[in-house]
Amino acid sequence: MAPGRPKPTDPSEPRKGSSAALGKASAASKAIPSGAPVLVMGAGAVGCWIGGCLQAAGAPVMFVGRPRVLNALRAHGLTLTDLDGGTRSLPAGALDLRESADGVPPPALVLLCVKSGATASAAAELARAVPPATLVVSMQNGLSNAGTAQAAAPALAVRAGMVPFNIAELSPGHYHRGTSGVLAAQDHARLREWQPHFAAAGVPLQLHADVAPLQWGKLLLNLNNAVNALSGLPLREQLLQRDYRLCMAALIDEALAALRAAGISPAKLTALPPAALPAVLRLPTAIFRVLAARLLRIDAKARTSMADDLSRGRATEIDALCGEVVRLARRHGTAAPVNERISELVRAWPSDPRARSGAELRAALGV
Ligand SMILES: NC(=O)c1ccc[n+]([C@@H]2O[C@H](COP(=O)([O-])OP(=O)(O)OC[C@H]3O[C@@H](n4cnc5c(N)ncnc54)[C@H](OP(=O)(O)O)[C@@H]3O)[C@@H](O)[C@H]2O)c1
């Protein structure tokens, strides 16, 4: 996916190529704000990727995560690859891995990278472990995670963020960025000091007075997460099947209607404006391939984290994605029955765990 065009304070486009895409140590190590470490709260796909990029570029990073992930990092180190051909490895011995935030040295910045269902408990843990006023950026999808975290940790300074690209764990300790885009976050003076370091690490960060339009722009694309998870296919393969795209288009149509009724203009995060997405998704595949060439700049390895959640039997973020559309529609007098139905299918997965063909999914959704 192409980066959006918000009004950033200091954007730098991600550079192509291996070392550029994953950062250069010398640039970021010059002057880390306050010299204190970055704390990744929730070392998973996003946390390992962004934290790993920052560390590979010279920033001290602490990773708080679950034994499954930490043991993989202890055994294999951290390898980061991307669709531009970049690759970088951090040996296990170089990683600061922790099972809890308790006892961490005061961090300069916290990246909150847990799934939506774990936000409140992770924020409460942070509230006990880090000093008041510590800056926390939610790198999570959906609209409500920063608010949930702030409510659970009122003394911390929580800012909303938006991660536009896809990260998949390809093997233990190996995380792969399969699409592109520029990180965004709500503006904060201390975050501005970090911008050069994020840029040097190959994960440029744009700051905005209001990130909600970007979060909604991202959420429109994330409506495909449920389609992808129920398809059982890699992202690119799924998007190249028109029946699945018709499902995605119907989900986005409902979201756009609710957003219009609410007076919210979602940001453009792909080469296509949000309002054009449904029509383009509905095109025959041969035409879709050509017109949506940038949208489809997704490599064959990319898959959604909701697919991982279903396959691992974990709670999904369906409520933070399709559920957000349903709630917005209800508040503004529009309808979102397709978002409601797909939410039910995802919730029913544990008792009915079967991938659906595009035709089966269309039938189940009434699309
Ligand atoms: N992956 C992507 O491509 C992508 C892209 C953009 C945005 N996002 C968003 O980024 C967020 C994180 O997604 P992800 O894919 O990185 O998730 P993930 O791979 O599941 O990583 C989160 C990790 O944090 C762990 N965790 C939860 N609570 C914790 C705690 N209190 N202390 C330590 N570890 C904790 C989780 O363990 P448990 O399994 O036990 O909860 C999990 O291992 C989500 O909101 C997602 O929608 C993801």
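Axes here are lines fitted to C-alpha atoms, for helices over the stretch in contact, and the angle between two of them runs from 0 to 180 degrees, taken between N-to-C directions. Keep in mind during the tour that this is a predicted model.

**First stop: helices 16 and 17**

Begin by selecting helix 16, residues 337–348, together with helix 17, whose axes come within 9 Å and cross at roughly 120 degrees. Angles of 65 to 115 degrees count as roughly perpendicular and those over 145 as roughly antiparallel, which makes helix 16 oblique to helix 17. To see where the two helices touch, show the side chains of Val338, Arg341, Ile342 and Leu345 in helix 16, which meet Leu361, Ala364 and Leu365 in helix 17. If you colour this contact by residue class, you will find six nonpolar residues, no polar ones and one charged.

**Second stop: helices 11 and 17**

The contact is formed by Asp243, Tyr244, Leu246 and Cys247 on the helix 11 side and by Gly358, Ala359, Leu361, Arg362 and Leu365 on the helix 17 side. Sorted by class, the residues of this contact are six nonpolar, one polar and two charged. The crossing of helix 11 and helix 17 is left-handed.

Leu220, Leu221 and Asn222 of helix 8 make the contact with Asn224, Asn225 and Ala226 of helix 9. Here the classes divide into three nonpolar, three polar and no charged residues.

**Last stop: the largest cavity**

The largest cavity has a volume of about 50 Å³, and you can find its place by selecting the lining residues, among them Gly217, Leu220, Leu221, Lys268, Thr270 and Leu277. Which helix gives the most to this lining? Helix 8, residues 212–222, does, with three residues. By class, the lining of the largest cavity has eight nonpolar, two polar and one charged residues.

Notes:
Residues are numbered from 1 along each chain as its sequence is written. This is a predicted model: local features need pLDDT of at least 70, side-chain atom pairs count only at pLDDT 80 or more; totals for chains, interfaces and linings use all residues. Side-chain values use heavy atoms; hydrogens and water are left out. A crossing is left-handed if the near helix is turned anticlockwise from the far one by less than a right angle, and right-handed if clockwise. Helices (H or I, at least four residues) and strands (E, at least two) are DSSP runs, numbered from the N terminus. Contact means heavy atoms within 4.5 Å. Ala, Val, Leu, Ile, Met, Phe, Trp, Tyr, Cys and Pro count as nonpolar, Asp, Glu, Lys and Arg as charged, and the others, Gly among them, as polar. On a 1 Å grid over the protein atoms alone, a cavity is a set of points where a 1.4 Å probe fits but cannot get out, and a pocket is an open set with protein on both sides within 12 Å along at least five of seven lines; lining residues have an atom within 4 Å of a point. Grid points are joined across faces, edges and corners, and a volume is the space filled by probe spheres set on the points. Angles under 35 degrees count as roughly parallel, over 145 as roughly antiparallel, 65 to 115 as roughly perpendicular and the rest as oblique.
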